[in-house]
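Work through the exercises below with the sequence and the structure at hand. Try each task before reading its solution.

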Amino acid sequence: MNKKLQPIVQALEKEFGAEVSDVFGETQAVIPVENIVATCELLRDKFSFGLLSMITAVDYGLQAEPRFHIIYQLNSITDSLFLTLRVPVSGENPSIPTMTGVYKNANWREREIWDLFGIHVEGHPDLRRLLMPKDWEGYPLRKDYPLGYEEPQFSFNFDEIDLSKPKGELAL
Amino acid sequence: MGVEEKGRTGLEKKMGEMGMVTTTLEEAVNWGRTRSMWPMLFGLACCAIEMMAAQAAHYDMSRFGMELMRPSPRQADLMIVAGRVSRKMAPVLRHLYDQMAEPKWVIAMGDCASCGGVFNNYAVVQGVDEIVPVDIYVAGCPPRPEALINGIMALYDKVNNQKVADWT
C-alpha cells in the first residue's frame, strides 16, 4: 500500500467502519451503503481525491447475499493516489444514494448502472436508460438475463432451424 | 453501348457522322443509374473506416461514379450499411431508408450488417436484412476496400440487368 494512503484508510476505518484490504496491488475499502456519500465527501474535501474515474457494479449471482457490489474508483491527481470503494447492496430493490452532489460526472455512470443492472439511484436528477432503447424491458447485465443469441444454422441442424424462419412472402 | 451485335438498322452508319447513336431505353437508364450512383454516408462502426478508405484517393470510388457521399437520404441512391446495427439504431435506419427516393439500393457491408457478425446477442440486430431489403452482401471483417469495390461492381451488374418491367 502506498504510504500516503495509510492515514487516509485509517480515517475511513475509524469514521465509517470500512474494511480495508489490498487487492491485486490496489487498495480497496468496503463501505456500507448508508455511509458512502459522506465517505466521498470526506475524501474529496479533506484528502484531495478530486476525480471519480469509475462507478460500476458487479452481480454475484442470485445465490450470493448481498447480490450486487457497487465499485467506485477515486483518483487523487495532486498526490497521484488510487482508491477503490466497494458498496454491497442486496438483491431485492437494490438502491444507492446518488453521487452527483459530490462528483458531477457520476450522472451518466449512475444512469448506466440503472440501465444495465436495475440498481435504483435515489436523488438522481435524470434517471433514465442510457445505452438500451427507451422502452426496453429488463436489465441486460444481470446474471439471470438471457444472452439473447441466435442459434447458428449449420448443416447438421439445418432443418430444425429452418422451421423457425419466416416463410412465404416475407422470406428473403 | 453495344451497337453492331444487337442487329440494328443501318441507321447508325448514316447518322454516325452526325454524332448520334441509338440504344434502348433500358440501357440508357441503367447506364445513367450506374455511372452516377451516390452513396449515403452510413458508416456505423469499423467498416466505416474501410468505406472511407475506399472513397479516398488510393482506392478511388469516384472512378466508378460515386463522386461523393451525401449524408442526406433525399439526395442519395445507395445506402451502404457499414457496421453493426444495434437495436437502438434500427428504427433510425429504417426511417432513413424510407426517406430515400426511388430507385434505391442497399449494400450490407461487412459481417455485422450481413448476419450479426461476431455479436450474437441481445443488443445487435442479426443482419440488417431484418429491417431493409438488401441487394448485395459484402463479407469480411472488415472487407478490404477492394472487396467493397467488388461488391459495387456486382451491384452494377445487377442494375444493368434490370428490365423495364421491373421498374417501379
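**Exercise 1: a strand and its cover**

Task: How many of the nine residues of strand β5 (residues 81–89) of chain A are buried?

Solution: The model is a predicted one. A residue counts as buried when its relative accessible area is under 20%. By this cut-off, seven of the nine residues in β5(A) are buried, and the strand is mostly covered.

**Exercise 2: the neighbours of β5(A)**

Task: Which way do β2(A) and β4(A) run relative to β5(A)?

Solution: Start with strand β2 (residues 26–30) of chain A. Four bridges join β2(A) to β5(A), and the two run parallel. Across this pairing, Thr27(A) stands opposite Leu83(A) of β5(A).

Go on to strand β4 (residues 68–76) of chain A. Here nine bridges make the link to β5(A), and the two strands run antiparallel. Ile70(A) has Val87(A) in β5(A) as its bridge partner.

Last, look at the connection. β4(A) and β5(A) form a hairpin, with four residues between them. Ser80(A), in the turn, has a positive phi of about 45°.

**Exercise 3: an outline of chain B**

Task: What is the order of helices and strands in chain B, from the N terminus on?

Solution: Count the elements: chain B has six helices and four strands. Then read them in order, which gives α-α-β-α-β-α-β-α-β-α.

Task: What percentage of the 168 residues of chain B counts as buried?

Solution: The share is 39%.

How values were computed:
Residues numbered from 1 in each chain as written. Chains lettered and ligands numbered in written order. Predicted model: local features only at pLDDT ≥ 70, side-chain atom pairs only at ≥ 80, totals over all residues. Heavy atoms only, no water. Buried < 20%, exposed > 50% of the residue type's maximum accessible area, 1.4 Å probe, protein only. Pairing = 2+ DSSP bridges.
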